Amino acid sequence: MRTRASAAAILSVALTSLALAAPAAHATAAAAPYDFNGDGRADLAIGAPGATVGGKAKAGAVSVVYGSASGPKSSTYRLITQNTAGVPGTAEADDAFGTAVASADLNTDGYADLIVGAPGEDTDDDTNNGTVAVVWGSASGLSGARTLPDFSSRDHDHFGQSLAAADLDGDGDQDVAVGSTDLIGLNFVDGPITKSAALSYGSGSGFSWASSYGITSLSAGDVTGTGIDRLVVHGRVSGTDDAVTALVDGTIGNYTDWLQELPGGYVSAVGDIDGDGHADIAVGNDRETSADPSGAKGGKVTVVYGGPDGVDTRRAPSVVTQDTPGVPGTAESGDRFGSGVSLADVNGDGYADLAVGAAHESIGSAAATGSVTVLYGSAAGLRTTGAVSFSQSTAGVPGTPETGDHFGARVALTDHTGDHRADLTVSAPGENAGDGAVWSLRGTANGPTVTGSTSFGPSTTGVSTTGAPAYGTALNS
């Protein structure tokens, strides 16, 4: 049975809608997210919202590194900015293009498309209104783009600060959810979304707890096992900065009974950890209890198991910290375990595994250098036996741990090789005084391996290191 979240914590307060356009025919099987060239290997999108473009500071950029039999191949990349031919707009200071990325085959042509948020974009006379671009996939990769409509532009700012793409209303088309600030914090652009057809339907909702921070992060997946995705929404309580997280059922049109309350956190990932056909939700909260009652010493991740009605209330959530038996390391104040989370099957056993970043983990005398832990799924749920941890001090991982690297600020588990095992990508946006960098460790039957691991920074894929591009602020979601 659906449950209604506490009105004191979560409350939908506003919505707008326009007429629904006639759906387009589905002629081709949809591509998997992030497979932009349709070769069966996911590509890697890397957001650098602090990048200088055309002399404009913090205009922002996204590098797309294409997958290969050996993993992300940095020599085959596509740099996308608002100065790229075919991309709407112009690179301007503080646009922050690349703050958020998402992907889906929006027009079901067999190639995944890239969705990019630029929450600092000024539109007309509206400062920091924000904008979202869709860059189209093709046999030759990404090219051409369109801007998503913003149906509530006068009721919010920073449109595009968070993104997710999924079939949220059960009509078979991929929809896009967009986070913003102020009155209308959560926005929907309803599919089908094509290269040229008018997009005439959108809706939006406000939340009483999110007026100042807005919707800060989004994720989505098939929690109920019905083929209809649900949306995980993150915000912060105005005045306290405490995390609030909710599961949204987009098939409920009254915007009243559509929320289930989840453990508070700042990021999440969705995947089927126990193989029961219902996706589960990993919620990361990297804050101390002194800063957020939902936090924990050193940070934590809470796994909520999915069921036919959303959250499976018959099962207790799994709570993991670095003090949990079997988890490498020790929970120390400020580690920020849970800064990044991702779910996918690394070892090919049919169960989604969990990657967790601890972006402020200290190693030796280097503070806030960061680490990543991988825990494995099973028929009984998340298990901690066999958990492994990686950092720049791990033998075989390129680089050296340095203060302020923030290795693990973002993590992504994605199959870049096409072998049906997810590879581990880790970003450190603070590497080299804010240049940023990413690492790739290939997935094997025994989990991620350092053998053949690679690392590269912004200049390798065309991003300027003028200023602090913060390469890796966003990764495949």
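**Salt bridges and a sheet**

Asp419 has a relative accessible area of 21%, so this residue is partly exposed, a class between buried (under 20%) and exposed (over 50%), judged with a 1.4 Å probe on protein chains only. Arg442, at 33% relative accessibility, also counts as partly exposed. The model is predicted, so local features need pLDDT of at least 70 and side-chain atom pairs pLDDT 80 or more, while totals for chains, interfaces and linings use all residues. Residues are numbered from 1 along each chain as its sequence is written, and side-chain values use heavy atoms, without hydrogens and water.

The side chains of Asp419 and Arg442 form a salt bridge at 3.6 Å, N to O. Asp419 lies in the loop between β27 (410-414) and β28 (423-428) and Arg442 in strand β29 (residues 437-444), so the pair ties together parts 23 residues apart in sequence. A salt bridge here is a side-chain nitrogen of Lys or Arg within 4 Å of a carboxyl oxygen of Asp or Glu. Strands (E, at least two residues) are DSSP runs numbered from the N terminus.

The structure holds nine salt bridges. Arg154 meets Asp125 at 2.9 Å, N to O, and Asp126 at 3.9 Å, N to O. Asp126, at 12% relative accessibility, counts as buried, whereas Arg154, at 59%, counts as exposed.

Elsewhere, four strands form an open antiparallel sheet in the order β23-β24-β25-β26. Two strands pair if DSSP finds at least two bridges between them; β25 (residues 371-376) and β26 have four.
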